[in-house]
Amino acid sequence: MAAAQRGDANAYRLVLGEAAAWLRRFFLRRLPPSMIDDAVQDTLLAVHEKRHTFDPSQGFGPWLAAIARHKWIDRLRAENRVDMVPIEDDLAISDHEDQITTAHALERLLGMLKPAQAEVIRLVKLQGLSIGEAARRTGQSTALVKVNIHRGLGRMNDMVIRGGDVD
């Protein structure tokens, strides 16, 4: 991107191509398939419009990820603005007690783990990040992330089987 800022057209084509591939993977885990192409294009357009703000000393990956995250949030907000329908007085409400109880129990179990184990389980198993992404975010090696997930899930399983103090 630094070369592209200096006017290197080939470098700019290369960086946009690599960014498009990365963005496709980023949005694939976060949006319905029908929205991915538009999200990638919107983000590439934003990269083009904001390329003058890129600081080579800060790295391209975090800069691109920040733009992608903002475009993802914009898409989520747009989805929530779809046709508001008035709520009827006799609307049937389903009981979410089981889901709430399960979520509470899961959080209690995670709270009993070592913080590093709980953090990577949340990132990989609950938020859907890859092992590599979790490693980068936590500063752990990919091998350590895998070990922490394995040991953490094993410990949670043992706590459930023992019938520990979990709701």
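Which residues of helix α7 (residues 131–138) are buried? They are E133, A134 and A135. The views below come from a predicted model in which local features need pLDDT of at least 70, side-chain atom pairs count only at pLDDT 80 or more, and totals for chains, interfaces and linings use all residues. Residues are numbered from 1 along each chain as its sequence is written, and side-chain values use heavy atoms, with hydrogens and water left out.

**View A. Helix α7 and its cover.** Buried means under 20% relative accessible area, exposed over 50%, and partly exposed in between (1.4 Å probe, protein chains only). Helices are DSSP runs (H or I, at least four residues), numbered from the N terminus. The cover over the buried residues of α7 includes α6 (115–126) and α8 (142–162), where contact means heavy atoms within 4.5 Å.

**View B. Salt bridge between R29 and E133.** A salt bridge is a side-chain nitrogen of Lys or Arg within 4 Å of a carboxyl oxygen of Asp or Glu. The closest N and O atoms of R29 and E133 are 2.4 Å apart. R29 sits in the loop between α2 and α3 and E133 in helix α7, 104 residues apart. R29 is partly exposed at 40% relative accessibility, whereas E133 is buried at 14%.

**View C. Salt bridge between R24 and D37.** The N to O distance is 2.8 Å. R24 belongs to helix α2 (residues 9–28) and D37 to helix α3 (residues 33–50), so the pair ties together parts 13 residues apart in sequence.

Conventions: Helix = DSSP H or I, 4+ residues; strand = E, 2+ residues; numbered from the N terminus.
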